[in-house]
Amino acid sequence: MAELLLIGDATDAMLRRLDESFVVHRMQRIDDLPAFLSEYGERIEYVATNGHDGVRSEIMTALPGLKLISCYGVGYDTIDVRTCVARGIMVTHTPGVLNDEVATTAVMLMLACRRDLIRNDAYVRAGRWEAEGNAPLGRTADNRKVGILGFGRIGRTIAGKLGAFNATVFYHARSRKDVPFKYYADLVEMAHDAEVLICITPGGSGTHKIVGRAVIDALGPQGTLINVGRGSVVDETEMIAALQDGRLGWAGLDVFEAEPRVPAALRTMSNVVLLPHVGSATVETRAAMGDLVVDNLLQFLASATVKTPVPECAHMAKA
């Protein structure tokens, strides 16, 4: 049987399917990884991982016969795809199946910020409604001007869901798309025109801290920043300073620079809504993601083809 290195967790359903076709080595159970790689590295041809853990360079180097990395997640910036392409290693991910869930999370964060969900929940729990009367007014979530940073599958799904709130949607991406929304080539200009900025762009060197002080200041003291993409996209230090100074109004965050570590300053702010990277974390969506991870592995094992290669590896996928 082919041998597979499993990095990170897998569901019981995934493990049952994998065990039927692979000898599965679970990295979480390996005490001495260098010794393991020295003994088994040449035999391992497949890796299943996730967008957070990826595949460290020393692991990839120790697997000379590696053929396929199947990633549980849409983002894959923790996998050195350039090296994979050079070595002929196929990389797959799980697009499509989580579009709606992540888009719903983005809209949920926007609503929570605009309508002060966390503050109002705390107001009731603390007995202040009874003792002090009605809570302060929130702000409407309807008819807002929303800029979306990144306009791939999920960005377009967010735009569609915002239609229910009669939002004026525009976007910034690497190139103009064939969509009925205004395109901004300049991110600062888009932030200036937006009341809400939603980040759903991938991570990596090209987007590292692209939402910095200039973008945050352009969004302004009445602006709301939502990030459901990657923590590396936003300059966290600048964002925190802007929230503290009142240069930025609100933030709804599902991702962070050094997650699961979240800065203490964010955890004490009443104008911030925090989620533990759960954009796609529903039973239904995670099951679909797990199925696709295993489907890619089994299809490649049977026919050297895959369902969902990452764009950089699309040319390697056999018809």
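Which residues have the most contacts inside the largest nonpolar core?

## Basis of the description

This is a predicted model, in which local features need pLDDT of at least 70 and side-chain atom pairs count only at pLDDT 80 or more, whereas totals for chains, interfaces and linings use all residues. Residues are numbered from 1 along each chain as its sequence is written, and side-chain values use heavy atoms, with hydrogens and water left out.

## Nonpolar cores

The residues with the most contacts inside the largest nonpolar core, which has 74 residues, are I69, I79 and I148. Helix 5 (residues 99–114) contributes the most to this core, with eight residues. Apart from this core lies another one of 29 residues, which includes L149, L197, L243 and A251. A nonpolar core here is a set of buried Ala, Val, Leu, Ile, Met, Phe, Trp, Tyr and Cys residues joined through side-chain atoms within 4.5 Å. Buried means under 20% relative accessible area, exposed means over 50%, and partly exposed lies in between, with a 1.4 Å probe and protein chains only. In soluble globular proteins, nonpolar side chains tend to be buried together.

Helices (H or I, at least four residues) and strands (E, at least two) are DSSP runs, numbered from the N terminus. Five of the five residues of strand 4 (residues 68–72) are buried, so this strand is largely enclosed by the rest of the structure. In a regular strand the side chains alternate between the two faces of the sheet. In strand 4, L68, S70 and Y72 point one way while I69 and C71 point the other way, and all are buried.

Two strands pair if DSSP finds at least two bridges between them. Strand 3 (residues 44–50) runs parallel to strand 4 and is joined to it by five bridges, with A48 standing opposite S70. Strand 5 (residues 90–92) also pairs with strand 4 in the parallel sense, over three bridges, and V91 in strand 5 is the bridge partner of I69. Strand 4, helix 4 (residues 81–87) and strand 5 make a β-α-β unit that is right-handed, meaning that, with the strands pointing away from the viewer, the path from the first strand over the helix to the second runs clockwise. Leaving aside neighbours within four places in sequence, I69 is in contact (heavy atoms within 4.5 Å) with V47, T49, V55, M60, I79, C84, I89, M90, V91 and T92.

An open sheet is formed by seven strands in the order 8-7-6-9-10-11-12, with parallel pairing. Strand 8 (182–183) and strand 12 stand at the edges with a single partner strand each, so one side of each is left without a neighbour in the sheet. Strand 6 (residues 145–149) pairs with strand 9 (residues 196–199) in the parallel sense over four bridges, and the bridge partner of I148 in strand 9 is I198.

Helix 8 (residues 153–162) lies across strand 6, strand 7 (168–172) and strand 9, running at about 165° to strand 6; axes are lines fitted to C-alpha atoms, for helices over the stretch in contact, and angles run from 0 to 180 degrees between N-to-C directions. The buried residues of this helix are I154, G155, T157, I158, A159 and L162, and what covers them includes helix 5, strand 6, strand 7 and strand 9.

## Buried loop residues

D235 is found in the loop between strand 10 (224–227) and helix 11 (236–245), and counts as buried at 15% relative accessibility. A polar atom of the D235 side chain lies 3.3 Å from the backbone nitrogen of T237.

S280, in the loop between strand 12 (272–274) and helix 13 (283–303), is buried, with a relative accessible area of 8%. Beyond residues up to four places away in sequence, S280 touches L98, E101, V102, T285, R286 and M289.

## Backbone exceptions

Most residues other than glycine have a negative phi, and most peptide bonds are trans. N143, in the loop between helix 7 (128–132) and strand 6, has a positive phi of about 60° although it is not a glycine, and is partly exposed, with a relative accessible area of 43%. H277, which lies in the loop between strand 12 and helix 13, likewise has a positive phi, of about 50°. E259 and P260 are joined by a cis peptide bond, with omega about 10°, and P260 is found in the loop between strand 11 (250–253) and helix 12 (264–267).

Technical notes: A polar contact is a pair of N or O atoms within 3.5 Å; within protein, one must be able to donate a hydrogen and the other to accept it, and residues adjacent in sequence count only if both atoms are side-chain atoms.
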